[in-house]
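Please look over the sequence and the model shown here before reading on.

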Amino acid sequence: MDANSVKSNNVVVFSEETLTKVNKIIARYPEGKQKSALIPVLHLAQKEFDGWLDVPVMDYVASLLSITPIEVYEVATFYTMFNMQPVGKYVLEVCRTGPCMLNGSDQIIEYIKEKLQIKEGETTQDGLFTLKPAECLGACGYAPMMQIGKFYHEHLTKEKINEIIDLCRAGNIAID
Amino acid sequence: MSNKLLLKNSKVEGIKTFEVYRKHGGYVSAEKALKMSPDEILEEVKTSGLRGRGGAGFPTGMKWSFLAKPEGIPRYLVVNADESEPGTFKDRYLMEYIPHILIEGILISSYCLGANTSYIYIRGEYSWIPDILEKAIEEAKANGFLGKNIKNTGYDLEIYVQRGAGAYVCGEETALLESLEGKRGNPRLKPPFPAVKGLYQCPTVVNNVETVASIPSIIEITGAEYAKLGVGRSTGTKLISACGNLNKPGVYEIDFNLSVEEFIYSEEYCGGIPNGKKLKACIPGGSSVPIVPARLLLKTAEGEPRLMNYESLSVGGFETGTMLGSGGFIVLDEDQCVVRHTMTLARFYNHESCGQCTPCREGTGWLYKILKKIEEGRGTYEDIDLLWDVQRKIEGNTICPLGDAASWPVAAAIRHFRDEFEWHINNPECLTRNYGIADYAQV
């Protein structure tokens, strides 16, 4: 969680820096169309509040955009990039569709499951890793691949997975 | 050697920056266009014969000419960068490595359409690309190609980037507009079309990244010269994103008279199939278009060489042909299992259905479950007929084309590889996965 933001006893407030970003985003749209900022603001909220969206956070976003909470819930639950439950620090999103499958993504997923001792959708006990299979991430020519945070890791092999997981454990991998 | 329009400077160091892009002829087309009238630009685009590069192949000039122009109501250009079709990653390449070609294309297109605001709606997972685009937008603005009174023409334009959040259906233009308005990506019923009531109920053109990025070349060389580069109604050049079992997967710019065989096997393009394996099948236009076996891919049913263009790939209809679609070229070698591959695609479409139309919401789930059952060796012959029946009931019965996209791969897989489905029913183990199709053919 961002050091300058607040989330306790159902009180949620973005940091000053994020609030500035929110206002800048709202200004991209015509007057009265601030609802257009919902998805970008939910991205900011998820990033600021530990990688997932709970009800108080979604209600806060609704109040910022002057829309009803249900309008936020229905959007947050529709898009796969928004997490509705806590996730690990590193969410390993491994693509498993078509071209990635042809290049061994199934074996990569199995290897990660075995290595981290978790099933698909689960988080390791230390809270570091969540494994989340993904349906096509647009890296088909560089398969198999996975996304961690903001970045893609392509041409995966078991050795590369070992390396990435070690880097994550050492806190030496960029996610943002 | 292929004519290069979009990728001609892609290997130039620093081409991502305004300075280098400009040094290599960037924004010259924009300057030229700003001296033309919007009608003259529209005429050039129509003459070029450019077809939308997102998959549907609808003529761009015609689409632009449908735009309603009531007084006092803003018009919008929305760039569809929600590239989410399995096999398709060409727009990513353009935005990541040559962002200014898109910005220049947006400037010319928006000027032609009379739009003062343009939004680039990009799939959420491409989360590092908005930074690249925003930097390019800032640079263009700093150099007078965006903002107020562009190059003293009195024309104003702002471009904004919006990230989606992981929904394939938002690649459908009306779902994209819903998402841009901050809603679930549920496609709208058409008509009215976006050209009449689009973003915020205002006249809107939604164009794919590659389409818009092609506009500067058309202005540079003229529409007539652009049209000459192609074959028939496939004009200009096309980006193909090649993947699957290939020695050199990647993004290539091709001429439309290139043969499929040359594209797969020549060193200039994909360099053949790894380990000298045989070609089994290919989906040439992104996962939603019909898969075709090698015998119908390299040559048509009439024995003519199949070419990499809209018309040649579709010769014979879906019975013996396929589609160019978005140019997502997925190759399967002899060891790949068509049933398993089709199952992953069915899972994808089931996952991505917005759930608005019953045939799609329920049908895609059925397709996936039946395919999974067959793939795991638990299927029956009746399941193949059921699969066929379910896909027929989805096709054409939904608001948006996601239903067709889910249906066609299954239909084509059964049409051309029924024996492989039957093998899975009779044998719990996947023979092609374990022994290769060459052995399978001898059984």
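Over the ring of which residue does the charged end of Arg51(B) sit? It sits over the ring of Tyr310(B), 4.0 Å from the ring centre, where a charge counts as over a ring if NZ of Lys or CZ of Arg is within 6 Å of the ring centre and within 35 degrees of the ring normal. This is a predicted model, in which local features need pLDDT of at least 70 and side-chain atom pairs count only at pLDDT 80 or more, while totals for chains, interfaces and linings use all residues. Residues are numbered from 1 along each chain as its sequence is written, chains are lettered from A and ligands numbered from 1 in the order in which they are written, and side-chain values use heavy atoms, with hydrogens and water left out.

| Charged residue | Ring | Distance to ring centre |
|---|---|---|
| Arg51(B) | Tyr310(B) | 4.0 Å |
| Lys151(B) | Phe145(B) | 4.3 Å |

**Aromatic pairs**

Rings of Phe, Tyr and Trp (its six-membered ring) pair if their centres lie within 6.5 Å, with planes under 30 degrees apart counting as stacked, over 60 as edge-to-face and the rest as tilted. By this rule there are 29 aromatic pairs over all chains. In one of them, the ring centres of Phe14(A) and Phe49(A) are 5.8 Å apart and the planes are at 15°, so this pair is stacked. Phe14(A) belongs to the loop between strand E2 (11-13) and helix H1 (16-26) of chain A, and Phe49(A) to the loop between helix H2 (38-48) and helix H3 (55-65) of chain A, so the pair ties together parts that are 35 residues apart in sequence; helices (H or I, at least four residues) and strands (E, at least two) are DSSP runs, numbered from the N terminus. Phe14(A) is buried at 2% relative accessibility, and Phe49(A) is buried at 0%, where buried means under 20% relative accessible area, exposed over 50% and partly exposed in between (1.4 Å probe, protein chains only). The rings of Tyr126(B) and Trp128(B), with centres 5.9 Å apart and planes at 65°, form an edge-to-face pair, and both residues are buried. One aromatic cluster is formed by Tyr29(A), Tyr76(B), Tyr119(B), Tyr160(B) and Tyr200(B).

**Strand E3(A) and its sheet**

Six of the six residues of strand E3 (residues 90-95) of chain A are buried, so the strand is largely enclosed by the rest of the structure. E3(A) pairs in the parallel sense with strand E4 (residues 129-134) of chain A over six bridges, and antiparallel with strand E5 (residues 146-148) of chain A over three bridges; two strands pair if DSSP finds at least two bridges between them. Leu92(A) has Leu131(A) as its bridge partner in E4(A) and Ile148(A) in E5(A). The open sheet has four strands in the order E4-E3-E5-E6 (chain A), with mixed pairing. E4 and strand E6 (151-153) of chain A stand at the edges with a single partner strand each, so one side of each lacks a neighbour in the sheet.

**Cysteines**

There are zero disulfides over all chains, a disulfide being a pair of cysteine sulfur atoms within 2.5 Å. Cys136(A) is in no disulfide, and the nearest cysteine sulfur, that of Cys140(A), is 4.2 Å away. Cys168(A) has its closest cysteine sulfur in Cys100(A), 18 Å away, which is too far for a bond. Cys136(A) is buried at 2% relative accessibility, and Cys168(A) is buried with a relative accessible area of 2%.
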